[in-house]
Structures are given as C-alpha cells and as structure tokens.
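Subject: Structure handover

Hello,

My notes on its strands follow below it.

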Amino acid sequence: MLNPTFLPVAPVDSLADGACRSVEAGGRRLLLAKVEGRFYVTEDACPHRGASLGGGFLQGCEIFCPLHGWSFDVTHGTGLTRPDKPLRTYRTEVRDGQVWAAITNPEPAAG
Ligand code: FES
C-alpha cells in the first residue's frame, strides 16, 4: 500500500462552520467541508456526471450536488441517493493554521 502525503488544502480560518468549497491539492480537485467544527475532504467530482460539489448545498453532513441533487455524507463519503456510488474521502489534519489532507500519489507541483 502506498503511503499518503499530507498536503495543505486551505487555511483553517478560510471556511465557516457549515460551509464547503472546492480546493486543489496535489493536482486533485477536492471538496473541503466544515461540519460541527471538524474538517472533511472528499473528491470534488460527483459520481453521477462529474459536477463540482463545491457549488452544492451542505446541510449538516449531507452535500447535495448542484446539478441533479444526488447527496453524499461528507464524513464518510457514503452515497445517500445511490449507495453504490460513494465519494472518495481523504484523511484530514489541522496543523499550523492549515487543513491538511492525506493524498496518495499526488501530482508533482508545477513549475
Ligand atoms: S452530476 Fe451530480 S447528481 Fe448529476
């Protein structure tokens, strides 16, 4: 098994509780959500047709895709509309004022 690399995804103070947005780290587009003071990172491509979930609606731990409304639990990635279509989740850590996510096989930084 490959060891993941923790990469910074966003400053801790850049997201209010109950909010979410798209971020990028290690060449991946990710969804960052803050639920009851804890940060969660998932892939940011809806398993239905690939829409960015960053523009979706977060209610509690449930994110609704802005395109057709499929929903997912951001804490575990469970597909709530389609249990057979979960979201990939990434372990997170808060350190040095940043949220970090464990990314396996990150793309090399450009430049
Ligand atoms: S693209 Fe997300 S529900 Fe269709």
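**Strand pairing**

Strand 3 (residues 28-35) runs antiparallel to strand 4 (residues 38-43), and six bridges join them. Two terms need their cut-offs. Strands are DSSP runs of E with at least two residues, numbered from the N terminus. Two strands count as paired if DSSP finds at least two bridges between them.

Two conventions also apply. Residue numbers start from 1 along each chain, as its sequence is written. The model is predicted, so local features need pLDDT of at least 70, side-chain atom pairs count only at pLDDT 80 or more, and totals for chains, interfaces and linings use all residues.

Back to strands 3 and 4. Leu 32 sits opposite Val 41 of strand 4. The two strands form a hairpin with two residues between them. Glu 36 has a positive phi there, near 50°.

Strand 4 has a further antiparallel partner in strand 8 (residues 89-90), with two bridges. There, Thr 42 is bridged to Thr 89 of strand 8.

Three strands make an open sheet in the order 5-6-7, with antiparallel pairing. Neighbouring strands here are turned by 25° against each other on average, direction ignored. The angle is taken between N-to-C directions of lines fitted to C-alpha atoms, on a scale from 0 to 180 degrees.

Strand 6 (residues 62-64) pairs with strand 7 over three bridges, in the antiparallel sense. Glu 62 has Asp 73 in strand 7 as its bridge partner.

Best regards

Note on methods. Helix = DSSP H or I, 4+ residues; strand = E, 2+ residues; numbered from the N terminus.
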